[in-house]
Amino acid sequence: MATVIQIPLQIRFGDVDAYGHVNNVTYLQYLEDARVQLFHTPLGTAAGPGAGPADSFEDLVGEDLFTLVGRHEIEYLAPLVFRPEPVFVNIWVTRLGGSSFDFGYTVAEPDGSVIYAQASSGIVVVSRATGRPVRLSATQRHALETWLGDEVHFRRRQAAAVTVAPLGAKA
């Protein structure tokens, strides 16, 4: 696997629900926090032609474009309770498309001994002017390729064919 970026996040008391563990919705906030931090971190050695080491992925997106989340998938593996030590979100790129890419994540102990959740997000680069997807530039693609790794293998995912019938139609 390529470089996994490890982002520490502090669990807040308000993250814990009536069941005594971090609420499922909060995990999506943890993933967002990790994405935002990664997008704003200087590229360093991930900078390719057209970018400098001090540039971030957000700089490569620029003012005319923005990124949108198109999809999330998350699998909860162990309960996470309030504690003073941070939890770590590991983030990497799992797929590169024409105008989109996917992130893989684990919410885990720093050494990976316990994984509380694993997740995937689909991200699309969009034009501010048109609201339409825009192809990744060579510079953006180079940065993302630096973080490219394995896809997330969800334990409970089952491949299934789905047939959709109009409401009221006989199946």
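This is a predicted model: local features need pLDDT of at least 70, side-chain atom pairs count only at pLDDT 80 or more; totals for chains, interfaces and linings use all residues.
Strand S3 covers residues 87-96 and strand S4 residues 100-108; they run antiparallel and are joined by eight bridges (two strands count as paired if DSSP finds at least two bridges between them). Within this pairing, Val89 has Val107 as its bridge partner, and Asn90 sits opposite Thr106.

On its other pairing, S4 meets strand S5 (residues 115-127), again antiparallel, over nine bridges. Here Asp102 stands opposite Gly122. S4 and S5 also form a hairpin, with six residues between them, and Gly112 in that turn has a positive phi of about 80 degrees.

Zooming out, the strands belong to an open, antiparallel sheet of five, in the order S1-S3-S4-S5-S2. Strands S1 (5-9) and S2 (65-76) are the edges, each pairing on one side only. The twist averages 25 degrees from one strand to the next. Helix H3 (residues 138-146) packs on the sheet and touches S2, S3 and S4, with its direction at about 125 degrees to that of S3 (contact means heavy atoms within 4.5 Å; axes are lines fitted to C-alpha atoms, for helices over the stretch in contact, with angles from 0 to 180 degrees between N-to-C directions).

Now for the rings: the whole structure holds nine aromatic pairs (Phe, Tyr or Trp rings, the six-membered one for Trp, with centres within 6.5 Å; planes under 30 degrees apart are stacked, over 60 edge-to-face, the rest tilted). Tyr27 and Tyr76 pair edge-to-face, at 5.2 Å centre to centre and 70 degrees between planes. Tyr27 is in helix H1 (residues 24-40) and Tyr76 in strand S2, so this pair ties together parts 49 residues apart in sequence. Phe39, Phe57, Phe101, Phe103 and Tyr105 form one aromatic cluster.

Residues are numbered from 1 along each chain as its sequence is written. Local features need pLDDT of at least 70 and side-chain atom pairs 80 or more, while totals for chains, interfaces and linings use all residues, and side-chain values use heavy atoms, without hydrogens or water.

Methods:
Helices (H or I, at least four residues) and strands (E, at least two) are DSSP runs, numbered from the N terminus.
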